[in-house]
Each structure stands twice: as C-alpha cells, then as structure tokens.
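Dear colleague,

I am handing over the structure we spoke about, and I would be glad if you could look through it before reading my notes. The sequence and the coordinates come just below, and what was found in them comes after that.

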Amino acid sequence: METLTATQPKAAAQTDFLPLQGTDYVEFYVGNARQAAHFYKTAFGFQSLAYSGPETGNKETARYVIRQNKLTLMLTTPLRPNNRIADHIYKHGDGVKVIALKVEDATSAWKETTSRGGKSYMEPTTLQDENGRVVMSGIHTYGDTVHLFIERGDYNGVFMPGFKKWESNYNPPETGLLYVDHCVGNVGWNQMNPWVKFYEDVMGFRNILTFDDNDISTEYSALMSKVMSNGNGYVKFPINEPAEGKKKSQVEEYLDFYDGEGVQHCALATNDIVKTVTDLQSRGVEFLKIPASYYETVLERVGKIDEDLQPLQDLGILIDRDDEGYLLQIFSKPVEDRPTLFFEIIQRKGAKSFGKGNFKALFEALEKEQDARGNL
Ligand code: FE2
C-alpha cells in the first residue's frame, strides 16, 4: 500500500529567510585526523586540499581538509585531552560534528535563525588573511551536531583563513563522487516531530516526504522518517526516529553506540554508480550485502532501466523509482568500529525520492549486521 505522502509546499510566496547555496563542507571529529584523511583519500578518492595545525599557528587541533568535486570534508582531531573536541570523541566516537552550509550572508543567517529560536553555537565571526575574508556563524541542531553558516564572499585562498595548502605526494585518483545529496539525522524516541518543527521554524525548511513505521519495518524492527528540504532543494535532511518492533531498531542501536543523537549517514552523489562502486570496493570500502532474491523481482517493480542488471547485482546496488524517474543507491557498512556513521552512494536518474521501495531489503541486510554484533 502506498502511504508515501508528498506534502504541498506552503504558500511559497514568502521570501526564503535562509537562502542556502548548498553544503559547504562536513566536519568530522575523529581520534586521528591524519589517519582518517589517509583513509578517505585511499578508500574514497578524496584529494588533499588544506591543513591547519601547529605549523600554521593552531596549537589546539590538527585539521585536514580534503575535496572531491563539490564534496569537501574536514577531519579534526584535538592535540590534547580535556577539551570539548576530545570530550566529543570520547563520548561519540568518530562522527559528524558540523554540517556547514554555504550562505551569502552569515550574519543574517545567524540573526534569522537565532531570532526564530535557534540556539547560537557561534556568533558571526570574521576570519581574515591576505586572500580575503570568510564570515562564519552557527547554531546547534540535534544532539551535539551543529550547522555552521559559511560566507565566502570573494575569498580566494585555498580553503579559509588559518589553513595552508596541503601538498601531498600521495594522491590516489578520484572515484567520481560529486556532492552531498543529503545527510540523515538519527534522533531519539518521539523526537522526530520536534526536530521537523525546528527545521521548519528556525531554518525555513519544509517536510517533503514522510515515511511511517509501516513503510520502514521488517519482521523485527522499525523506524519513522521525515525528509526536510530547504527552499531551493539544495539541502535535504531526513530525520529518523526509532519505532517499536519485536526487536531493537537500527536507530536505537545507533543512539546507544553514538551515545545520543547524531548524523547516521551522508549520501554522496555520483553520475556513474557502477564505476564509482566498483572502484570503492576495490579500494576496500565495504557495503551491505543484498540477497540475490532482490534482483529476481526488482525490474518488475521499477520497470525498464538503462543499466544492465548483472553489474548492479554483482555490486549490491539497489534500484527504486518514483513519479519523476529512478535512482540507484548502495549503503556502506559503518566506517568506524562503533555501528554509527555510514555512507550512501546515490545516482539519481530523475527520481527525487530516497529509495522507499528498497527499505525492506535494506533493513533486512542491516539487521543481519546488527544481529552479528549482538545488538538486535
Ligand atoms: Fe539516504
């Protein structure tokens, strides 16, 4: 039964009080940023971009910035114990701290959001060097996660003031990853709607899709999800909460091991998922295994697609269709030892949705892993 509801945009007339130009970067707090950067270069094909640390006058942290097309990651580690970054890593393990959003005016973004109830994380702050200035500000969102607003103006340095170019003679080729398609937050029991309201009220987002526990449940476990989108659709944040099932929801497992709410996965877009995933697998990225039975019936469900089915099956790539087209997607295993953050690789061929038709196969695959960890 089709219970997917696409809600109508609210009277779209009002001007967007928080115009976003997309995701600027995603910052991870990690136990060892040097090694994490090596992993993302080796396994995912990111390129060295910028560095900040003792050599650049930063005595507190080491920060490595890596980039692939429009996708920028920052990997941050504290150099000493007993500070908020070290405490964050002790509590949560490696994970996403910041989803930074590109804006034209970081001061206005901060004023608009904090006046609507957003809790300030950083007042508008200007960073300046010989290459120009960057203004940033920020607010808290779910858990210990934050959104920074980044105003780059005509800044023409390598990344932002405080960073120097990171020159490396180790430069594995890219894998075709292009940009952040969406980032998903896992929130606690009954917290989905309050966070939906936060994104509506504070950031002017709207709820574009809703999945209830009938959509997303297996024999054992369930979750609920609402997808929030900003005005121009460049930034999309699905919000998940656990739902009651016979056994433990995957969202609960995340909340236990992350010790709170946080980013569950980031979806990275590609224009050639077969090529990208072949490459990622050969570099050691591990993906969830999908049973062969999925491929016996998938084309009956989604209709004709441009790709041959066999390579999709060999790689474990899932297919789904909505009114506007279809999409191809695959989910990695967690990229750290805690069963927390993972990545999705997605290729959209018209579809603007999130793979609802794959939820059951996907969650059964996830539960197998969860069971193997003794957490189901
Ligand atoms: Fe996703």
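This is a predicted model: local features need pLDDT of at least 70, side-chain atom pairs count only at pLDDT 80 or more; totals for chains, interfaces and linings use all residues.

Eight strands make up an open sheet, and their order across it is E11-E12-E13-E10-E14-E17-E16-E15, with mixed pairing. Strand E11 (206–211) and strand E15 (318–322) each have a single partner strand and stand at the edges, so one side of each is left without a neighbour in the sheet. From one strand to the next, the twist averages 25 degrees.

The hairpin of E12 and E13 has six residues between the strands, and in it Gly 233 takes a positive phi near 80 degrees.

Strand E13 (residues 236–243) deserves a separate look, since eight of its eight residues are buried, so that the strand is largely enclosed by the rest of the structure. With strand E10 (residues 177–186), E13 pairs in the parallel sense, over two bridges, and Gly 185 has Ile 239 of E13 as its bridge partner.

**Ser 229**

**Salt bridges**

Side chains of opposite charge can pair when their charged atoms come close. A search of the whole structure finds 17 salt bridges, and a few of them are set out here.

In one of them, Arg 63 pairs with Glu 27, and the closest N and O atoms are 2.8 Å apart. The two residues link distant parts of the chain, with Arg 63 in strand E3 (residues 61–68) and Glu 27 in strand E1 (residues 23–29), 36 residues apart. Glu 27 is buried, at a relative accessible area of 3%.

In another, the side chains of Lys 349 and Asp 306 meet at 2.9 Å, N to O. Lys 349 lies in strand E17 (residues 342–349), whereas Asp 306 lies in the loop between helix H7 (293–302) and helix H8 (309–315), so this pair ties together parts that are 43 residues apart in sequence. Lys 349 is partly exposed, with a relative accessible area of 26%, while Asp 306 is exposed, with 59%.

Lys 352 forms a salt bridge with Glu 324, and there the closest N and O atoms are 2.8 Å apart. Lys 352 sits in the loop between E17 and helix H9 (359–372), and Glu 324 in the loop between E15 and strand E16 (325–331), 28 residues apart. At 53% relative accessibility, Lys 352 counts as exposed.

With best wishes

Technical notes: Residues are numbered from 1 along each chain as its sequence is written. Side-chain values use heavy atoms; hydrogens and water are left out. Two strands pair if DSSP finds at least two bridges between them. Helices (H or I, at least four residues) and strands (E, at least two) are DSSP runs, numbered from the N terminus. Axes are lines fitted to C-alpha atoms, for helices over the stretch in contact, and angles run from 0 to 180 degrees between N-to-C directions. Buried means under 20% relative accessible area, exposed over 50%, partly exposed in between (1.4 Å probe, protein chains only). A salt bridge is a side-chain nitrogen of Lys or Arg within 4 Å of a carboxyl oxygen of Asp or Glu.
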